[in-house]
Each structure stands twice: as structure tokens, then as C-alpha cells.
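Here are my notes from a pass through the model, in numbered points. Have the chains open side by side as you read.

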Amino acid sequence: MTAQGFTHRRTPGLARTATPGRRRRRRNWSVDRVTFFLAFLGLPLSVYLIFVVSPFIQAFYYSLTDWTGFNPQMDYVGLSNYTRAFTDNIFLKSIRNSVELAIVVPFVTIALALTLATLITVGGSSHGQIRGLSAAGFYRVISFFPYTIPAIIIGIMWSQVFDPSNGLVNGILTAVGFKQFDSFPWLGNIDTAMPVSMFVIIWGLVGFYMVLFIAAIKGIPSEIYESARIDGAGRFRTALTITLPLIRENVQTAYIYLGIAALDAFVYMQALNSNGGPNNSTLVMSQYLYRTAFTKGQWGLACAMGVVLAAVTMSFAGLVFLVNRLTGGKDSVTLA
Amino acid sequence: MSASTTNLSTPLTDNPRTVRTNPGDRTVASIAHAVLVLWVVLVVGPLLWTLVTSFKTTTQIFDSPFTLPTRPAVVNYAHAWTTAGIGRYFINTIIVVGSALVIVMLLGAMCAYVLARFRFFGSRVIYYLMLAGLTFPVFLAIVPLFFVLRGFGLLNTLPGLIITYVAFALPFTVFFLYAFFRALPYEISEAAAIDGAGDWRTFFSVMLPMARPGLASVAIFNFLGLWNQYLIPVALNTNEKNYVLSQGLGAFASQAGYSVDFGALFAAVVITVAPVLVVYVIFQRQLQGSVSQGTMK
């Protein structure tokens with residue numbers, strides 16, 4: 001096993017720990033330490049290498065073959081899978097849809113989460129100590145609810161809420177007099193399917209980022225807010241010129257995570273419109289990849305699509321870093 | 001977080017002194033409350049509607065989205081549990097998520113500890129390899145993973161699912177705990193070494209207990225992440241007997257479009273959502289703490 005051999009070889013040199021002095025280091029290379037390193041590094045690393053790293057690497061290789069999986073025949077076909085993918089109008093459509101999601105979902109989610117977090121943390125009195133809104137804890141607890149619900153359930157639940165004939169939305173709309181919504185197919189109409197899907201995804205994500213931003217805003221020393229107030233800054237001014245710059249690292253991290261989530265979006269889309277929606281208007285890359293691999297059995301082509309998806313994801317992250325850099329931020333990611 | 005930081009969201013009730021309010025403040029506060037109440041309705045509304053609907057018979061569901069159930073159709077829950085197989089999926093999920101959680105916490109803590117506390121050739125490489133695993137989309141790996149698991153004879157089995165969950169939760173666990181183990185004081189591990197504790201002993205009886213707060217945070221996030229997992233089981237666990245909850249519900253919902261038992265579908269949703277939601281409400285203080293810990297790092 002390579003991972004074990006690897007740790008074995010490294011063992012003698014690894015004792016540059018807290019224990020200073022050479023003599024100590026020698027003595028530490030005992031049976032105890034060898035088994036310790038074999039188990040502590042070898043075990044997790046072999047699991048990681050076999051089930052995560054090797055599939056990622058294999059995907060690049062398979063993307064250059066015409067592999068159909070169950071037949072052992074596998075020929076190297078160069079980049080023809082990629083040309084095939086990029087001349088497939090449905091795949092191009094799915095890229096457009098995914099990019100659309102990656103533009104809209106993170107922006108709206110962060111704007112909404114920041115607004116709600118600001119309201120909760122500094123919505124209170126403008127006299128005396130800076131304080132949050134009363135019942136802030138209640139709002140925070142409720143907002144986090146969607147995060148505890150699996151995405152597939154969120155999708156199923158909302159597809160029932162938007163159900164044309166017995167859903168909640170059309171029920172409310174017809175009850176207040178909009179008779180034209182009597183059996184309006186929100187998820188089956190080419191104009192509304194995508195916005196409704198975006199709404200559902202955002203519903204599922206806002207609460208978590210709101211709680212995250214609340215924590216970040218609370219980390220800002222209140223003296224800063226107080227001095228801004230003494231200088232005459234109003235609430236909106238404070239939110240834009242004090243809060244936002246001070247938590248920009250959190251916002252950047254959130255942007256990247258949300259972008260990755262939006263470029264995946266498989267679960268939500270599968271629950272809302274498993275066939276890709278009317279005229280493929282909600283078909284995303286991940287869904288098309290899944291269909292290509294597990295329904296059509298075109299594994300090589302599916303791997304090529306996976307590489308494209310990874311490339312889009314990486315460019316998105318790079319773009320966020322670049323924009324943040326250009327606007328004067330630092331290059332660092334905090335893990336949420 | 002500096003010591004001077006005051007808790008901004010402390011509600012007014014904490015301070016018994018009457019606070020002078022001016023009309024402008026009151027307007028702002030009412031607008032803020034109005035917006036937040038609207039948001040709360042948007043979050044809770046669909047959940048409550050689902051709960052109420054789960055007690056209606058399928059005929060009543062088709063009748064109108066608003067009518068309250070005349071007699072609670074508890075039979076929906078029985079149907080969901082047995083006919084729709086939610087009971088079995090539930091047990092499978094507990095086995096898979098439970099085992100994966102324990103294993104990934106142990107392996108993750110071990111790996112993070114070694115990377116954080118020992119300097120050796122290649123440790124940075126391993127660290128960045130883990131970091132890369134966090135950003136690459138799982139979709140890229142899913143096709144080869146199918147054949148890796150088939151090669152081990154683990155395709156469509158619960159152990160196969162567990163090991164895959166562990167592998168994909170590992171980077172997050174290591175990344176988060178790495179920072180945690182770094183921050184633990186070196187004096188204590190030195191004291192343990194002087195007292196004659198070996199590496200194993202130092203880890204299990206000194207370092208691991210000290211890292212408990214960090215472990216708890218990561219465990220909560222891992223639990224929610226694994227509980228939420230859908231793609232991995234759908235692609236790699238196609239034997240209906242071994243379905244996990246998310247997957248089983250997805251299958252049931254797509255079937256329901258044809259051979260409708262909507263009452264059972266709503267009941268199944270409630271069965272899946274309720275336990276975690278109740279646990280969350282009980283432990284929400286600790287959980288919110290975990291989220292803030294994430295931002296402070």
C-alpha cells in the first residue's frame with residue numbers, strides 16, 4: 001500500500017514537534033510512534049486517496065475515452081467527447097442554466113441574508129448602547145430551520161406548495177381573487193419554472209448564511225458602531241460603510257460556497273423538475289451529466305461533462321477571488 | 001474576537017432601564033419587525049401547511065389546499081412507514097449516517113492531529129490535497145467512483161455507502177479540526193510526554209478530550225451534511241432494500257405523480273423533517289455557537 005510505505009519512509013524525519021533537541025527525537029522513533037503514524041496518517045489517507053483522489057484523477061482519463069462502462073472495450077478518442085459535448089445544444093443549454101443559477105442565487109441569497117442579519121443585529125434603538133431588535137433570538141432560530149431539512153425534502157415540499165391544482169400558492173392566489181392562477185403550472189411554465197426553482201434554492205440557503213453573518217457582525221467591536229453614530233452616520237450608511245467592509249471575508253467565503261452549491265443544484269432540480277423542466281428550461285449541468293452516465297451509459301462523455309463542470313466551478317471561485325482582490329480585499333478563506 | 005466586544009443582539013429585556021425611544025427609532029423597529037415577520041411566515045408557512053396536510057386524506061388534499069382535516073388521517077403515517085418503506089429507509093439512514101459520522105470523526109481527528117502537530121516532509125502537500133477535495137465538485141468523481149466501489153464489491157451495499165460518506169466528509173473534518181488542534185497549548189502535550197505517555201496515549205487521553213468543543217461543532221455539520229446527502233446514494237446505492245431516507249423519499253415522490261398516495265407523501269416528509277427539527281430546537285444554542293465558531297477561525 002503506497003500510503004503506508006510513504007509514512008514509513010518519512011517517519012525518521014518527522015519529529016520536529018514541540019519537543020526540542022535531537023536526543024529526544026531519536027528516542028521517540030519507537031514502535032509506539034511507528035504504529036501511531038501508520039494508523040493516524042495511513043488509514044485516513046488511504047481512504048481519501050482511494051475514494052476521493054483516485055476517482056477525480058480517473059475522471060480526467062475516462063473523459064478521453066469512448067467508454068460505455070459495462071463493455072470492457074475502451075478506446076482513446078482524444079478530445080472528441082469534449083467536441084461532442086460542446087456541439088450538443090442541450091448540454092450548452094444546461095451550461096447556460098447553471099451559470100444563470102451561479103449568478104443569481106449567490107447574489108440574492110447574500111443580499112437577503114445580509115439585510116436580515118443587519119435588521120436583527122442593529123435594528124434597535126439609536127440611543128445608548130448599540131442593540132439588536134427585540135425577539136432577535138426567535139427570528140434567528142426560525143431562520144435556521146431550512147438548513148436542518150434535506151434539500152430533497154425542500155424540493156418535494158415546495159413542488160407540492162406550487163402544485164397547479166392543490167398547492168398552497170394557487171390556493172392563496174385564487175382565494176384573493178386572481179382567478180387566472182386557478183391551475184397555473186408554476187413549474188411547468190417555461191417563463192416561471194426557472195425563477196421558481198431559484199426561489200426554492202434561495203429559501204433553503206438564506207437562513208444559514210444569515211446566522212453566519214449575524215455571528216460575524218457580532219464579532220465587530222461595538223465601539224466602531226458607536227463612533228460612527230457619534231459622527232452622525234445613519235443606519236444605512238453604517239451598514240454599507242462599516243458592516244460590509246468589516247465582514248467582507250465572510251461574504252467572500254459565502255459567495256464561493258453558494259456558487260459551488262448553485263453550480264451543483266442537482267438535488268433541488270431533480271426534486272422540482274426531474275426531467276429538466278419545460279423545454280429544458282431548468283436542466284442544469286449536473287442533471288444532464290447524471291442522465292448521460294446513469295441512464296444512457298455514456299461514461300466517457302459524462303466524465304468530460306464532469307471536467308467541464310469542475311472547470312466552471314474553479315473559474316467561478318477564481319473570479320470571486322479576483323473581484324475581491326480588485327476591490328481591495330485580502331486573499332483568505334474562512335471556513336464556514 | 002476581542003474582549004471588548006459586546007453582544008449586539010442582546011434583546012432589550014436584558015436591560016431593565018427604560019430606554020428613551022424616539023419616533024424614528026420606532027418606525028425603523030416596526031419596519032424591521034414587519035420584514036422579519038414576513039420572512040418567518042415564508043419559512044414556517046410551508047412547513048405548517050405540510051404538517052396539516054399530512055393529516056388529510058388524499059381526497060381532502062385534492063379538494064382544497066386550505067380545509068383542515070376533519071378526522072386526523074393518522075393512517076397516512078402508517079402507510080408512509082410501511083407501504084412507502086420509510087421505516088426501513090429510516091433504519092438504513094441511521095446505520096449509514098451513524099457509522100459514517102463516528103468513523104469520519106475518528107479518522108478526521110487523527111489525520112488533523114498529525115498534520116497540525118507534527119512537521120514532516122509532505123505534510124503541506126497532504127494538507128493542500130485535502131483542501132482541493134473541498135472545492136472539486138463531487139459530480140466529477142461520481143462516475144469513476146461507481147467503478148471503484150464495484151471493484152471492491154461494495155456497490156449497492158451499506159458498507160460501501162458508509163466508506164464513501166467517510167471519504168467525502170474527510171476533507172471538511174480535517175480542515176476544520178486542523179485549526180483546532182493547532183490552537184491547543186503545547187505545554188500540555190509536553191507534560192504528557194514527560195509523564196511517559198506515548199503518542200497514542202497523548203492523543204486519546206489528552207488531546208482528544210481537549211478538542212471536544214471543536215469536535216462537537218464539526219460533528220453537527222457532518223451530521224447535517226450526511227443526512228442531507230442525495231447524489232451519492234442515488235448513484236451508488238441502487239438496491240431498493242438499502243435505500244436511505246433522502247433517496248427513498250425522492251423515489252416515492254416521483255412515483256406519487258402516478259399512483260398517488262399524497263397523504264403518505266406528506267406524512268413521509270414530516271417523519272423525515274420532524275426529528276432533526278426537534279433536536280435542533282432543543283440544542284439550537286449550541287448549534288448557533290458552532291456556526292459562530294466557524295466564522296471566528
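This is a predicted model: local features need pLDDT of at least 70, side-chain atom pairs count only at pLDDT 80 or more; totals for chains, interfaces and linings use all residues.

1. What share of the contacts in chain B with a separation of 6 or more comes from residues 24 or more positions apart? They account for 75% of them, a contact being two residues whose C-beta atoms, placed from the backbone, lie within 7 Å.

2. Residues are numbered from 1 along each chain as its sequence is written, while chains are lettered from A and ligands numbered from 1 in the order in which they are written.

3. On secondary structure: chain A has 15 helices and zero strands, and chain B has 13 helices, also with zero strands. Helices here are DSSP runs (H or I, at least four residues), strands are E runs of at least two, and both are numbered from the N terminus. Reading along chain B gives α-α-α-α-α-α-α-α-α-α-α-α-α.

4. Burial next. Of the 336 residues of chain A, 46% count as buried; for chain B, with 297 residues, the figure is 42%. The cut-offs: buried takes 20 or more other C-beta atoms within 10 Å of the residue's own, exposed 12 or fewer, and partly exposed is in between, with C-beta atoms placed from the backbone.

5. The largest nonpolar core has 182 residues, and those touching the most other members are A:Phe213, A:Met305, B:Ala100, B:Val166 and B:Ala268. Helix H9 of chain A (residues 193-218) gives the most to this core, with 19 residues. Such a core is a set of buried Ala, Val, Leu, Ile, Met, Phe, Trp, Tyr and Cys residues joined through C-beta atoms within 7 Å. Leaving out residues up to four places away in sequence, A:Met305 touches A:Ala85, A:Phe91, A:Met285, A:Tyr288, A:Leu289 and A:Thr292.

6. Two helix pairs in chain A are worth a look. H3(A) (residues 31-62) and H15(A) (residues 299-326) have axes that come within 8 Å and cross at roughly 115 degrees, so the two are roughly perpendicular. The contact involves A:Ala59, A:Phe60 and A:Tyr62 of H3(A), and A:Trp299, A:Gly300, A:Cys303, A:Gly306 and A:Val307 of H15(A). H3(A) passes H15(A) in a left-handed crossing. In the other pair, H5(A) (residues 89-122) packs on H9(A) at an angle of about 45 degrees, with the axes 7 Å apart; that makes them oblique, and their crossing is right-handed.

7. The conventions behind those words: axes are lines fitted to C-alpha atoms, for helices over the stretch in contact, and angles run from 0 to 180 degrees between N-to-C directions. Under 35 degrees is roughly parallel, over 145 roughly antiparallel, 65 to 115 roughly perpendicular, and the rest oblique. Left-handed means the near helix is turned anticlockwise from the far one by less than a right angle, right-handed if clockwise.

8. Chain B has its own oblique pair. H8(B) (residues 186-194) and H9(B) (residues 199-210) pack at about 140 degrees, with their axes 10 Å apart. B:Ile188, B:Ser189, B:Ala192 and B:Ala193 of H8(B) make the contact with B:Thr202, B:Val206 and B:Met207 of H9(B). The crossing is right-handed.

9. Which residues other than glycine have a positive phi? A:Ala265 is one, with phi near 55 degrees, and A:Asn279 is another, also near 55 degrees. A:Ala265 sits in the loop between H12 (248-264) and H13 (266-272) of chain A and counts as buried because it has 24 C-beta neighbours inside 10 Å. A:Asn279 lies in the loop between H13 and H14 (285-295) of chain A and is exposed, with 10 other C-beta atoms within 10 Å.

10. Last, B:Ala267, in helix H13 of chain B (residues 262-296). It is buried because it has 27 C-beta neighbours inside 10 Å. Beyond its neighbours within four places in sequence, B:Ala267 is in contact with B:Ser54, B:Asn76, B:Tyr77 and B:Ala80.
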